[in-house]
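User: I'm new to reading protein models and would like to know where the labels come from. Could you take me through a few?

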Amino acid sequence: MSITLEERQPRTEMEITSIDFQADEAIITAEGNMGEYGRVYASYHLSYNAERTGGTYTAQGRGFVDPDSMASGAAVGVWRREGSMLYMDELVNIHDGSQNLGKIVIDGLKRTMVMDVYVLS
């Protein structure tokens, strides 16, 4: 069995605005223009595995589409680190009932987050 995924929108690059390392988690915040979701602000709470090279995470995002509209979403996912790169896979529930599959790559040296978003429902 194979799955064919439809892009929700073109690949998006967001800017990492902060990283807060704590004993039990790291919190990453990012912002950028994200197609149909407008100007997006997001935060990711990454829990560590025993080796601190990966783990699970939750995320919240808000997109300001126009002066009268806002989109919101909540996500859960898994992450892994390879050198200065973080790879994240997530399932996202959007306020309108739609769902996305997100593939995220964070480059710690460039301070960027590249997102590919696919339609689940």
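Analyst: Happy to! Let's begin with Trp79, which counts as buried at 8% relative accessibility.

User: Why is Trp79 called buried?

Analyst: Buried means under 20% relative accessible area, exposed over 50%, and partly exposed in between, with a 1.4 Å probe and protein chains only. Trp79 has 8%, so Trp79 counts as buried. This is a predicted model, where local features need pLDDT of at least 70 and side-chain atom pairs count only at pLDDT 80 or more, while totals for chains, interfaces and linings use all residues. Residues are numbered from 1 along each chain as its sequence is written, and side-chain values use heavy atoms, leaving out hydrogens and water.

User: What makes Tyr41 partly exposed?

Analyst: Tyr41 has 39% relative accessibility, so Tyr41 counts as partly exposed. Phe64, at 42%, also counts as partly exposed.

User: Why are Tyr41 and Phe64 called an edge-to-face pair?

Analyst: Rings of Phe, Tyr and Trp (its six-membered ring) pair if their centres lie within 6.5 Å; planes under 30 degrees apart count as stacked, over 60 as edge-to-face and the rest as tilted. Tyr41 and Phe64 are 6.0 Å apart centre to centre, with 70° between the planes, and form an edge-to-face pair.

User: How do you know that Arg52 lies over the face of Tyr48?

Analyst: A charge sits over a ring if NZ of Lys or CZ of Arg is within 6 Å of the ring centre and within 35 degrees of the ring normal. Arg52 is at 3.8 Å from the ring centre of Tyr48 and lies over its face.
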